Amino acid sequence: QPFSLFMLSFAATTPVLADRKKYPNFFRTVPSDNAVNPAVVKFLNYYNWSRVGTLTQDVQRFSEVRNDLTNELEKADIQIADTESFSNDPCVNVKKLKDNDVRIIIGQFDENLAAKVFCCAYNLNMYGSKYQWIIPGWYQGNWWEQANSTNCTTKKLLTAMEGYISVDFEPLSAKQIKGISGRTPQEYEREYNREREQKGVEASKFHGFAYDGIWVIAKTLTRVMELLRHKERHDMYHNFTVDDREVGKMVLDVMNETNFFGVTGQVMFRNGERMGTIKFTQFQEGQEVKVGEYNAIADVLDLINNTIRFQGVEPPKDRTFVRLQRRQINVPLYSILSTITILGMLMAGAFLFFNIKNRNHRLIKMSSPYMNNLIILGGMLSYASIFLFGLDGSFVSDKEFETLCTVRTWILIVGYTTAFGAMFAKTWRVHAIFKNVKMKKKIIKDQKLFIIVGGMLLIDLCILICWQIVDPLKRTVEEYSLEASGAFSTTVKE
């Protein structure tokens, strides 16, 4: 049987190669494109975002990552509000995300189409404190400057891009630990750059994974040879033979047991897949700033303190929250009006006292003090209704509110009719006296004026009683249109 061929890649990130049935002997030191998905889910959970949307370029590389992300989101019980896919023009799809009230958008597209996406986002106002974009982190530096396929200026693109989070594997570990090679990742990087510059070679983001890959091969072959020597010593009195299948199984077992600290971090495989470190960067004022990393081995998200900058006072909400809120009488305004009303009632009380005390004074007597008293009492009743009209659902219960509606209506109508009726009766008496052209002495007593006021009150009472019997006042709750309030929208009730 031929020797099993093992393959170790340092740059192949396609998720297709993760299929162990098709590629049982394939290993890679670089994390696959799918490796970012558990990190994204952890990031979403950190900010309690449980409703997201996806926007994917319609090519295999991105759709495979999106499909894996969908599984991860479902396992984490995160709702996918909308899944959009596009080929060339993303604007229709971005508009659908907005129409579905998607606030947290996970994008999978290349940098050329990323410029188009953010141009659409700018035109649709899908940026700022209410939105969070999460996109791939492997784009070329200043990718937005090379984008010439959009109608947006660079300034507009930068405005829409501000605050996006990008996710990609960490090319070199940030930990200052001496690894298997006896160098820290930083020392290795300096040495790599020195050698590279001497030879005039461009840098590659995969160089650390290639370096650690060589160490994986060296460690594996060394360990397999040790195992074979050990086996040979135990079989020294017999004919020692080992077939290709056995050697293949040994290599497979040793590769799966790989565990050392390299320049790219802890090197470990799970079903041939590298359990690497995923880094989070945020676009802040024209440059990408590292804000945290995710350790796949420990399943731990570590965000750097105070580096993430949200454009609002807090992280965006993952949906529009509709909060039912009762619209209430403004308490300071009610207090001011109540104070003025009390002053008015005190003034009316002073006039009433003055009127009663001086009722026998000639001038006061001539002005009909009883009618004056009625005017004052009517005014005081009208004043009292102001207190009742200011009592809303925040002060009284629903049942008391209905009773209050009836009481304040009766008090205001009776008060107004009493005050106006007394003034009308006095005016009528003046008119009746002075229309007498013969200037004969004519006396109209207060009793007649009381009858006029009483007649007016009787008409009011008949109307009020009929109203109360036929169609009494009832409390109804009215819903008003949504009003934006920061990240919330408020339905106002009264």
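Me: Why does Asp 101 count as partly exposed?
Reply: In this predicted model, Asp 101 has a relative accessibility of 22%, and since the label partly exposed covers what lies between under 20% for buried and over 50% for exposed, Asp 101 counts as partly exposed. Asp 101 is found in the loop between helix 3 and strand 5 (104-108).

Me: What is there to say about the phi of Asp 101?
Reply: Phi of Asp 101 is near 60°, which is a positive value in a residue that is not glycine. Most residues other than glycine have a negative phi. Asn 48, likewise not a glycine, has a positive phi of about 55°, and Asn 48 lies in the loop between helix 1 and strand 3 (51-57).

Me: What makes Asn 48 count as exposed?
Reply: The relative accessibility of Asn 48 is 65%, and exposed requires a value over 50%, so Asn 48 counts as exposed.

Me: Why is helix 1 called oblique to helix 2?
Reply: The axes of helix 1 (residues 36-46) and helix 2 (residues 60-75) come within 9 Å and cross at roughly 45°. That angle makes helix 1 oblique to helix 2, because roughly parallel would need an angle under 35 degrees and roughly perpendicular one of 65 to 115. The crossing in which helix 1 passes helix 2 is right-handed.

Me: Which residues of helix 1 and helix 2 meet?
Reply: From helix 1 come Asn 37, Pro 38, Val 40, Val 41 and Leu 44, and these meet Val 65, Asp 68, Leu 69, Glu 72 and Leu 73 of helix 2. Sorted by class, the contact of helix 1 with helix 2 has seven nonpolar residues, one polar residue and two charged residues.

Me: What makes helix 12 and helix 13 roughly antiparallel to each other?
Reply: Helix 12 (residues 369-389) packs against helix 13 (residues 398-434) at an angle of about 155°, and their axes are 8 Å apart. Angles over 145 degrees count as roughly antiparallel, and helix 12 and helix 13 are therefore given that label. Helix 12 passes helix 13 in a left-handed crossing, and by class the contact of helix 12 with helix 13 has 16 nonpolar, seven polar and two charged residues.

Me: How do you know that a disulfide joins Cys 91 to Cys 120?
Reply: The distance from S to S for Cys 91 and Cys 120 is 2.0 Å, and a pair of cysteine sulfur atoms within 2.5 Å is taken as a disulfide. The link of Cys 91 and Cys 120 is left-handed, with -80° about the S-S bond. This pair links distant parts of the chain, with Cys 91 in helix 3 (residues 91-99) and Cys 120 in helix 4 (residues 111-123), 29 residues apart.

Me: Why is Cys 120 called buried?
Reply: Cys 120 has a relative accessible area of 4%, and buried means under 20%, so Cys 120 is buried. Cys 91, by contrast, is at 29% relative accessibility and counts as partly exposed.

Me: Why is the disulfide of Cys 119 and Cys 152 right-handed?
Reply: A disulfide joins Cys 119 to Cys 152, with an S to S distance of 2.0 Å, and the torsion about its S-S bond is about 80°, so the disulfide is right-handed. Cys 119 lies in helix 4 and Cys 152 in the loop between helix 5 (143-146) and helix 6 (154-161), so the pair ties together parts that are 33 residues apart in sequence. Both Cys 119 and Cys 152 are buried.

Me: How many disulfides does a search of the whole structure find?
Reply: The search finds two disulfides, and with bonded cysteines counted along the chain, the disulfides follow the pattern 1-3, 2-4. Cys 405 is in no disulfide, and the nearest cysteine sulfur, that of Cys 466, is 20 Å away. With a relative accessible area of 14%, under the 20% that sets the limit for buried, Cys 405 is buried. Cys 462 is also in no disulfide, with the nearest cysteine sulfur, that of Cys 466, 6.5 Å away, and at 42% relative accessibility Cys 462 counts as partly exposed.

Definitions and conventions: Residues are numbered from 1 along each chain as its sequence is written. This is a predicted model: local features need pLDDT of at least 70, side-chain atom pairs count only at pLDDT 80 or more; totals for chains, interfaces and linings use all residues. Side-chain values use heavy atoms; hydrogens and water are left out. Axes are lines fitted to C-alpha atoms, for helices over the stretch in contact, and angles run from 0 to 180 degrees between N-to-C directions. Helices (H or I, at least four residues) and strands (E, at least two) are DSSP runs, numbered from the N terminus. A crossing is left-handed if the near helix is turned anticlockwise from the far one by less than a right angle, and right-handed if clockwise. Contact means heavy atoms within 4.5 Å. Ala, Val, Leu, Ile, Met, Phe, Trp, Tyr, Cys and Pro count as nonpolar, Asp, Glu, Lys and Arg as charged, and the others, Gly among them, as polar. Buried means under 20% relative accessible area, exposed over 50%, partly exposed in between (1.4 Å probe, protein chains only).
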